[in-house]
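Please work through each task before reading its solution.

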Amino acid sequence: MAPRRPLIVVLLLIVIATIIFVARAGDRSHLTDDWIRPSTADSTPNIETHACTDHLRWLEAYQFSYPLRYVSRDIIAIPSAKSERPSISIVDEPLFEAFTTIDLAKSATVDIPKCLPPVHLEVPHTNLPKVDASNMIFGLQTTMSRLRDTVKHMARWLPHTNGRLFAIVIETEDAAADNKEMAKLEKEFHDKGMNVSIIHPVRPNDSLAQRYFSLVNVMYRARNDETEWVVLIDDDTFFPSMHDLQTLLSKYDSRKEQYIGSLSEDWWAVNHYGLMGFGGAGIMLSLPLAKSIDDHTDECKENLRTTAGDITVMDCIYRFSSTKLTHVPGLHQVDMHGDLSGFYESGREMISLHHWKSGFKLEIEKMHLVADSCDSCFLQRWQFGKDTILSNGFSIAHYPSGHLSSQKPGGLLGGNVHKINLQEMERTWGADMNVLHSLAPVRDKMGEADKVAYKLLDSVKVDEKDGSVVRQVYFREGGGRDMDTVMVLNWRAGQTSKKDEVKSP
């Protein structure tokens, strides 16, 4: 019997290892909030930590449940030498050092024994001069209630740019907007530095499509010597960077007929409606093409084949001009449904966004606030170490199973795992949509055990002695099993490269 003992021992070890593996696979607690641990000399080379104190009375406004896990980091945004924005940048250090358990009922002052120094992240620009958009006129049609709700969002991109905007409004399809309310809302826009004119429909009985089409007439007839472009938008079209929008249009000769926009991400919509600029992404018309449309208003505005304004504009262009759509992938109609995390975490170019008011609802004005420190860094991606990705203004995602490095975390079984391709967009939305023409390459949605996301909860500006700071608060609920988690990033603009930046004490 003695010779069988080694076999029995081997079998026993395999059983024990299997039990441990299954137990770890079934227990997800180690996949969420335990992933940040104090650094070691091997994992965090040449980074000196220091003791620090955080005063957290400001957290009271969020009415969190305590105790909770807390961690923070200061970020200094420095301009890239080539004004580049890569799909993702690799940072060879962790984003955070270690969690601290806090309870404001006991103390709002937290002493943290090990804090990391500010991390310097390259962004395309910092401290850009004001954009001069006097060459652009924007136009939208909507209801008064939706326009009121749009003020705070439009205030993120239109103020003090010299760009003009005309809004055709109604109260409902059966009632005209009130003149006094229109004047009051127009003044609110003006007080915030936005040159907005709120007007009634050109004809009281115009349909939605006719109101939309007539925006081209309104904008063209409001042109001046500086005007080069008229831009059709929806009330939930958002331009993250007017600088980037101007850079885009500078590539095209506005003296020629230009029809610039984006297709829907959904191939069904493209196949059904045509190769046109979908309105929510923004439709840019050069002045010569706007003139052509204006010249043929009577033919184009009557006997419509559709109730959609952007289709009516396309029909008019293709009927009376040889100009065809210039498709710009960075303009986004965002026609996907469901969870759009993969889209916002993709690192793709985002010149315009749409449909964030409904469906996958976002507080875009909070997400975008970080642009005050670094302009085009909104939704820019950085990978920290081998397991963390920051999608700026949207999420901090932890990949605990090794899918960023292809190496499983240490353990009895170890080994390799599939390394995800971060150039591929994670397909988190509904699977019944063909996006090969628009969002490819894509990859399958990751399981909850392989990707743990901490979503942006809030952003606020904080005035400090060394200048204005944008404070981002990322949050994840513990789900009753773990404590809730709060991650804070404090952004400020730097002027120089990392080696020249003076480190904070």
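This is a predicted model: local features need pLDDT of at least 70, side-chain atom pairs count only at pLDDT 80 or more; totals for chains, interfaces and linings use all residues.

**Exercise 1.** Determine how α4 and α7 are oriented to each other, and which residues meet.

*Solution.* Step 1: helix α4 (residues 208–221) packs with helix α7 (residues 287–295) at an angle of about 120°, and their axes are 9 Å apart. Step 2: angles of 65 to 115 degrees count as roughly perpendicular and those over 145 as roughly antiparallel; α4 and α7 are therefore oblique to each other. Step 3: the crossing of α4 past α7 is left-handed. Step 4: from α4, Phe213, Val216, Asn217, Tyr220 and Arg221 meet Leu287, Ala290, Lys291, Ile293 and Asp294 of α7. By class, this contact of α4 with α7 has six nonpolar, one polar and three charged residues.

**Exercise 2.** Identify the buried residues of α2 and the elements they pack against.

*Solution.* Step 1: in helix α2 (residues 144–154), the buried residues are Met144, Leu147, Thr150, Val151, His153 and Met154. Step 2: the buried residues of α2 pack against β7, β8, α3, β9 and α11.

**Exercise 3.** Classify the pair of Trp382 and Trp491, and state whether each residue is buried or exposed.

*Solution.* Step 1: the ring centres of Trp382 and Trp491 are 5.8 Å apart and the planes lie at 50°, so the pair is tilted. Step 2: Trp382 belongs to strand β14 and Trp491 to strand β21, 109 residues apart, and the pair thus links distant parts of the chain. Step 3: buried means under 20% relative accessible area; Trp382, with 1%, is buried, and Trp491, at 0%, counts as buried.

Technical notes
Residues are numbered from 1 along each chain as its sequence is written. Side-chain values use heavy atoms; hydrogens and water are left out. Axes are lines fitted to C-alpha atoms, for helices over the stretch in contact, and angles run from 0 to 180 degrees between N-to-C directions. Helices (H or I, at least four residues) and strands (E, at least two) are DSSP runs, numbered from the N terminus. Angles under 35 degrees count as roughly parallel, over 145 as roughly antiparallel, 65 to 115 as roughly perpendicular and the rest as oblique. A crossing is left-handed if the near helix is turned anticlockwise from the far one by less than a right angle, and right-handed if clockwise. Contact means heavy atoms within 4.5 Å. Ala, Val, Leu, Ile, Met, Phe, Trp, Tyr, Cys and Pro count as nonpolar, Asp, Glu, Lys and Arg as charged, and the others, Gly among them, as polar. Buried means under 20% relative accessible area, exposed over 50%, partly exposed in between (1.4 Å probe, protein chains only). Rings of Phe, Tyr and Trp (its six-membered ring) pair if their centres lie within 6.5 Å; planes under 30 degrees apart count as stacked, over 60 as edge-to-face and the rest as tilted.
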